[in-house]
Amino acid sequence: MRVLMFGDVVGEAGSACFQKYAPKLKREHQADIIVVNGENSAKGNGILPQSASELMSGGADVITTGNHCFRRRCDELFENERILRPANYPDGAPGSGVCVLDCGPFSLAVVSLMGTAFMEPLDNPFFTMDRILETLDTKNILVDFHAEASSEKKAMGWYMAGKVSAVIGTHTHVQTADEEILDGKTGYLTDVGMVGGARSVLGVCVEQAVEKQRFHRPVKFSEAGGPCILNAVLLEIDTKTGICTKIERIFLRESTNS
């Protein structure tokens, strides 16, 4: 099985970029499944039915989220079992943090999980994963770990080594260069990056982000437009064992590849 996972999609430009390139990359890499983090896909942050629909039309099989999942208060959005909120939100929160895709000869469980270091004080993600693993019947498990601290992400990777197929980090919008297969079994990348404006600060218009950093005053952010960069990761998973046999980063800069 080949899985393409895309980093945080930022705003209208990021959504358009995903729609343009995801189908091409799926064909090029002969991928079976596309997973994308869509928590910043709506104009003005968060995720809305329109932005989720755009990602689905671009080929997304599962949309994961993170700390902005409920920013726009579209609880009904999470009635779709393929749109996930972090699994360690308290009981009673709308939606689910786990989706199991039935692909005929194999299945893939996708888990959306959020870190707690420098983030919201949700349930402990390590204990949450312990509970989730007890409920899954498939060995093919991909975890989107939406977290700020690289140390927490790395710790989760090692904690899950041999227990899941891959732990891929999201949230920081900067693709890291530390892809590896932990203990020869679990694919790992600290952060897959983003899909959004290339001339930006993490997808935000440069001038606004600079003003915020210079003067430490409230600034209304808006998403940068194109051309865009697109960050993703390709995973190859042995469906009989759930072992990740290959992990490859993908970095596309629209200004030179469009």
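## Basis

In this predicted model, local features need pLDDT of at least 70 and side-chain atom pairs count only at pLDDT 80 or more, while totals for chains, interfaces and linings use all residues. Residues are numbered from 1 along each chain as its sequence is written, and side-chain values use heavy atoms, with hydrogens and water left out.

## Strand β1

Strand β1 covers residues 2–6, and four of its five residues are buried, so the strand is largely enclosed by the rest of the structure. Buried means under 20% relative accessible area, exposed over 50%, and partly exposed in between (1.4 Å probe, protein chains only). Strands (E, at least two residues) and helices (H or I, at least four) are DSSP runs numbered from the N terminus.

Strands pair if DSSP finds at least two bridges between them. Five bridges join β1 to antiparallel β12 (residues 228–238), where leucine 234 is the bridge partner of leucine 4. Four bridges join β1 to parallel β3 (residues 33–37), where valine 35 partners methionine 5.

## Aromatic pairs

The structure holds four aromatic pairs, defined by ring centres of Phe, Tyr and Trp (its six-membered ring) within 6.5 Å; planes under 30 degrees apart are stacked, over 60 edge-to-face and the rest tilted. Among them, phenylalanine 70 and tyrosine 89 are edge-to-face, at 5.1 Å centre to centre and 80° between the planes. Tyrosine 89 is buried, with a relative accessible area of 10%.

Phenylalanine 126 and tyrosine 159 are also edge-to-face, with centres 5.5 Å apart and planes at 70°. This pair links helix α3 (residues 125–133) to helix α4 (residues 150–159).
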